[in-house]
Amino acid sequence: MITLSLVPFVSGLCIGFLSIQYVVYSDTSTAKPAVFSLGNSSGVHNDKRVPRHIHSDEDRSVAANLSQNVRLLCWIMTGPKNLESRTKHIRATWGKRCNKILYMSSVETEFPTVGLNVTEGRDQLYWKTIRAFQYIYQHHRNDYDWVLKADDDTFVVIENLRHTLSKQDPEKPVYFGRRFRPFVQQGYMSGGAGYVLSKEAVRRFIKGFDTGKCSHFSTIEDMALGKCMETMGVEPGDSRDVKGRQTFHPYPPDMYLIKEPPRKLPWYLLYEHYKPREGPECCSDHIVSFHYIYPVEMYTLEYFTYHLRPYGYKYRYNPDAVAAEMESNTTTPVSA
């Protein structure tokens with residue numbers, strides 16, 4: 001009797017497990033009737049599918065306008081072993097919101113990936129970064145205003161990134177991300193959180209290697225790129241929102257949102273260029289990225305970002321209005 005009573009419970013567990021496996025590991029790129037283009041051997045992927053979660057009555061005109069005025073080329077640092085376990089989940093979620101997306105690997109595949117002249121391995125990440133930017137500059141220099149580099153386990157809210165960049169000039173030498181302070185005098189941007197270079201910053205990065213001013217002096221990708229940025233006069237921009245809250249994050253949400261008791265700070269908070277915050281005020285309402293995101297979490301964040309809405313609430317946070325109010329408060333003379 002005890003054994004039979006467990007049958008429904010065990011069956012439910014199995015069905016739930018298999019359902020999750022289907023969602024995470026099935027290749028939704030072949031789903032019909034979606035209109036889908038794999039692109040070509042250059043590694044360009046133009047995904048024409050309707051987003052997984054969409055509110056048909058939602059006014060997306062502002063985001064649509066930004067997508068035309070802030071041209072964003074995204075490139076994903078990946079490799080042959082990660083295409084099925086990681087990269088395809090970026091393709092199915094946030095990757096489709098880039099104006100153009102390239103998947104950079106050591107070999108060319110039908111995924112599609114761009115095959116760079118590098119070998120795989122953590123100590124090869126900076127070579128892959130150098131070759132990726134060289135490829136982008138050679139083949140796509142007229143296709144972007146900004147170039148985002150992200151890992152294949154990074155989740156990015158592209159609309160929030162475009163909003164941040166919309167107030168910046170891509171013809172100026174600047175780059176944005178989560179700014180760390182050691183090793184480079186002006187600091188550098190965390191590689192895991194993703195970083196974005198202006199059109200001029202990309203041009204200067206390429207020039208740095210053409211002229212020998214920059215070199216592959218270290219295997220630490222993000223720090224080495226930051227050193228080249230400093231050498232070539234590319235300034236680190238401030239990507240925090242108007243309330244001083246961070247937008248790029250090198251770790252998942254739980255590493256920031258939970259305020260810990262007083263303790264010795266972990267390395268990633270000791271590296272912060274700005275005074276670190278923990279708890280709900282750590283992070284902007286317009287977050288750009290989180291790193292170390294598993295496939296299931298990729299779809300979860302996609303759902304929370306684009307579908308979940310609390311009943312009875314109007315959107316409360318308008319950064320432009322907040323900025324105007326803050327400016328007004330600083331310029332208004334104080335009465336005697």
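Arg 97 forms a salt bridge with Glu 302 (a side-chain nitrogen of Lys or Arg within 4 Å of a carboxyl oxygen of Asp or Glu), with the closest N and O atoms 2.9 Å apart. This pair links distant parts of the chain, Arg 97 in the loop between α3 and β3 and Glu 302 in helix α10, 205 residues apart. The model is predicted: local features need pLDDT of at least 70, side-chain atom pairs count only at pLDDT 80 or more, and totals for chains, interfaces and linings use all residues. Residues are numbered from 1 along each chain as its sequence is written, and side-chain values use heavy atoms, without hydrogens and water.

**Salt bridges**
- Arg 97 and Glu 302 are both buried (under 20% relative accessible area; exposed is over 50%, partly exposed in between; 1.4 Å probe, protein chains only).
- Arg 245 and Glu 281 form a salt bridge at 3.9 Å between the closest N and O atoms.
- Arg 245 is buried at 5% relative accessibility, whereas Glu 281 is partly exposed at 45%.
- Salt bridges with shared partners join Arg 60, Lys 96, Arg 97, Glu 159 and Glu 302 into one network.
- The count of salt bridges comes to 20.

**Helix packing**
- The axes of helix α6 (residues 199–211) and helix α7 (residues 221–231) come within 9 Å and cross at roughly 95 degrees.
- This makes α6 roughly perpendicular to α7 (angles of 65 to 115 degrees).
- Ala 201, Phe 205 and Phe 209 in α6 meet Leu 225, Cys 228 and Met 229 in α7, contact meaning heavy atoms within 4.5 Å.

Methods
Axes are lines fitted to C-alpha atoms, for helices over the stretch in contact, and angles run from 0 to 180 degrees between N-to-C directions. Helices (H or I, at least four residues) and strands (E, at least two) are DSSP runs, numbered from the N terminus. Angles under 35 degrees count as roughly parallel, over 145 as roughly antiparallel, 65 to 115 as roughly perpendicular and the rest as oblique.
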